[in-house]
Amino acid sequence: MNRDDTGRSVHNAVPMTTLTALSLLETRVLGVLVEKQYTVPDSYPLTLNALVSGCNQKTARDPVIEASEAEVQAAIDRLKALSMVVESSGGRVMRYAQNAGKVLGIPPQSVALLAVLFLRGPQTAGELRINSERLHRFGDILSVQAFLEELAARKDGALVRELAKQAGARETRWAHLLSGEPAPSMLVQSADAGRGDALTVSEVAAMKATLDELQAEVAALKETVARLCRQLGIEPP
């Protein structure tokens, strides 16, 4: 059973059997709307131009695409027909907002995870925790895992699936199912799975964040030492 922000049960979800599979561009539009809702709230709902830019963004996107304004508008129109996008006509231009949580009957935490999967493709729970931080800050990986398992066990139809572990990987990846089942190659477990000590992207990201913090602290200490040396009239070491 799903939960909302207050922990209450969410009902009236749309069964996956009645929700037609979405295209890559349609999921990209939804992902951009969710992302920008949290990262640039002053600009949300988004204009068509802002949506095109977000869909074609070169960073934090996998795969990178080049969608035209007409293609993005067509994706918006189909999502509107599914009630997953709503429009508002305030101001001089039409603006668009996402309605995925209400249509699917899932809480904001799950919407955030789906959005990151829409934007970046299959990821581990650790990667999802890092990549969704601006949309929702999960306390730990276990919390992410719990919401993923809830999405996978959804009684109206699974929205995510855990993929087979890749060769040398420590964690399994998750993929969304709103565009249909993952490619067969993703579901086949490698004979070498579980072998080796390759670092996951989440582990590398955590190490980089720690390194950045240490470098900032060292720079601050150097500046403090230099300032003290100037005050004492001595040469810095």
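This is a predicted model: local features need pLDDT of at least 70, side-chain atom pairs count only at pLDDT 80 or more; totals for chains, interfaces and linings use all residues.
1. The expected span of a helix is 1.5 Å times one less than its number of residues. With 13 residues at 1.5 Å a residue, α3 should span 18 Å, and its end C-alpha atoms are 18 Å apart, so expectation and model agree.

2. Which residues of α3 are buried? They are Val72, Ala75, Ile76 and Leu79. Seen down the axis of α3, these buried residues fall within an arc of 100°, and therefore they line one face of the helix. Ala70 and Ala81 are exposed, on the face of α3 turned away from the buried side.

3. What do the buried residues of α3 pack against? Their partners are the helices α1 (24-39) and α2 (48-55), together with the strands β2 (85-88) and β3 (95-98). After α3 comes serine 83, which has a positive phi, near 65°.

4. Helix α2 can be read in the same way. Its buried residues are Leu48, Leu51, Val52, Gly54 and Cys55. Around the axis they cover an arc of only 165°, so they sit on the same side of α2. The face turned away from that side carries Asn49 and Ser53, both exposed. The buried residues of α2 pack against α1, β1 (46-47), α3 and β3.

5. Next, the cysteines. Cysteine 55, one of the buried residues of α2, has a relative accessible area of 0%. Cysteine 229 has a relative accessibility of 8% and also counts as buried, because the cut-off is under 20%. How many disulfides are there if a disulfide is a pair of cysteine sulfur atoms within 2.5 Å? The count is zero.

6. Asparagine 99 belongs to the loop between β3 and α4 (100-104). Is asparagine 99 buried or exposed? Its relative accessibility is 19%, and the limit for buried is under 20%, so asparagine 99 counts as buried. Leaving aside neighbours within four places in sequence, asparagine 99 is in contact with Ser83, Met84, Val85 and Val86. One of these, Ser83, is the residue with positive phi that follows α3.

7. The model also has an open sheet of three strands, in the order β4-β6-β5, with antiparallel pairing. Strands β4 (123-124) and β5 (160-162) are the edge strands, each pairing on one side only. In general, strands of a sheet pair through backbone hydrogen bonds, either parallel or antiparallel. Here β5 and β6 (residues 173-176) pair in the antiparallel sense over three bridges. Valine 160 stands opposite histidine 176 in β6.

8. Which helices lie across this sheet? Helix α5 (residues 108-120) lies across β4, β5 and β6, and runs at about 90° to β6. Helix α7 (residues 141-152) lies across β5 and β6, and runs at about 45° to β6.

9. Some totals for the chain follow. There are nine helices and six strands. Of the 237 residues, 38% are buried. Among contacts between residues at least 6 apart in sequence, 60% join residues at least 24 apart.

Technical notes
Residues are numbered from 1 along each chain as its sequence is written. Side-chain values use heavy atoms; hydrogens and water are left out. Helices (H or I, at least four residues) and strands (E, at least two) are DSSP runs, numbered from the N terminus. Buried means under 20% relative accessible area, exposed over 50%, partly exposed in between (1.4 Å probe, protein chains only). The arc is that of the directions from the helix axis to the C-beta atoms. Contact means heavy atoms within 4.5 Å. Two strands pair if DSSP finds at least two bridges between them. Axes are lines fitted to C-alpha atoms, for helices over the stretch in contact, and angles run from 0 to 180 degrees between N-to-C directions. A disulfide is a pair of cysteine sulfur atoms within 2.5 Å.
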